[in-house]
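Hello,

I am passing this structure on to you. The sequence and model come first, and my notes follow.

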Amino acid sequence: MIRPATISDVPRIQEIINSHAELGRMLFKSYAQLYEDLRDFGVYEENGRVLGCCAVTIIWADLAEVRSLAVEQAQRGKGIGRKLVEWSVDEARRLGIPRLMSLTYEQAFFEKLGFSVVPKETLPLKVWSDCVRCPKRDGCDEIAMVRLLPEVVASDQPPAPPTPRGVSIPVLDHVFE
Ligand SMILES: CC(C)(COP(=O)(O)OP(=O)(O)OC[C@H]1O[C@@H](n2cnc3c(N)ncnc32)[C@H](O)[C@@H]1OP(=O)(O)O)[C@@H](O)C(=O)NCCC(=O)NCCS
């Protein structure tokens, strides 16, 4: 089952994420970062043991991001990642957010779940706000992917400021060159 994460899950979430980070598949997370973002997290639990995690972060009225998706190494390929992404989709629906995005190396996995590759520069400026603390900010090789949720009625709110061209944003500099 997937349930909202609680404080007692933090060590286990960190263990799963950092085991993949050591292999360069995702970014390391500190306890401080996990405490700060914990309300975004869901965990997949089986027989009392957490086997995977995923966070949904609100970027704007019309966009949420799937972050920190990770399944314990030995449990990969059993459908847990799919369930966690579907949980993120349900969360976006519940919140009334009609687009879900991911920055990922797992293009084929996300394609199976209805996401499509989009040019990074089409995402709003706010998406890049966390990149300042990313060690890969000067050479970001992640792929931007989006899934539209057409069943969600978009809220009538101001659009997000776009990513400006001609302004140095390290994570995008190679795109704009
Ligand atoms: C990516 C990850 C979350 C996938 O989770 P998982 O539980 O292994 O995936 P699932 O078993 O739910 O797979 C769902 C489908 O995607 C496919 N799939 C999974 N990983 C894939 C990959 N790397 N390439 C292609 N297809 C993949 C599966 O075959 C399955 O297809 P099917 O439904 O047709 O059988 C997991 O491998 C992981 O934790 N990776 C390391 C961390 C990471 O890269 N996270 C993503 C950060 S954005």
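Where the ligand sits

The ligand sits in the largest pocket. A pocket here is an open set of points on a 1 Å grid over the protein atoms alone, where a 1.4 Å probe fits, with protein on both sides within 12 Å along at least five of seven lines; a molecule sits in it if more than half of its atoms lie within 2 Å of its grid points.

This is a predicted model, in which local features need pLDDT of at least 70, side-chain atom pairs count only at pLDDT 80 or more, and totals for chains, interfaces and linings use all residues. Residues are numbered from 1 along each chain as its sequence is written, and side-chain values use heavy atoms, leaving out hydrogens and water.

There are 21 residues around the ligand (a heavy atom within 4 Å), and G77, G79, G81, R82 and E106 come nearest. By class, the shell holds 9 nonpolar, 6 polar (Gly among them) and 6 charged residues. Helix α4 gives the largest share, 4 residues. Helices are DSSP runs of H or I of at least four residues, and strands are runs of E of at least two.

Polar contacts are pairs of N or O atoms within 3.5 Å. A polar side-chain atom of E106 is 2.7 Å from a ligand nitrogen, and a polar backbone atom of G81 is 2.8 Å from a ligand oxygen. For H20, a polar side-chain atom lies 3.5 Å from an oxygen of the ligand. The protein buries 74% of the 920 Å² that the ligand exposes when taken alone (Shrake-Rupley method, 1.4 Å probe).

Regards

Methods. Polar contact = N/O pair within 3.5 Å; in protein donor to acceptor, adjacent residues only side chain to side chain. 1 Å grid on protein atoms, 1.4 Å probe; cavity = no way out; pocket = protein on both sides within 12 Å on 5 of 7 lines; lining within 4 Å.
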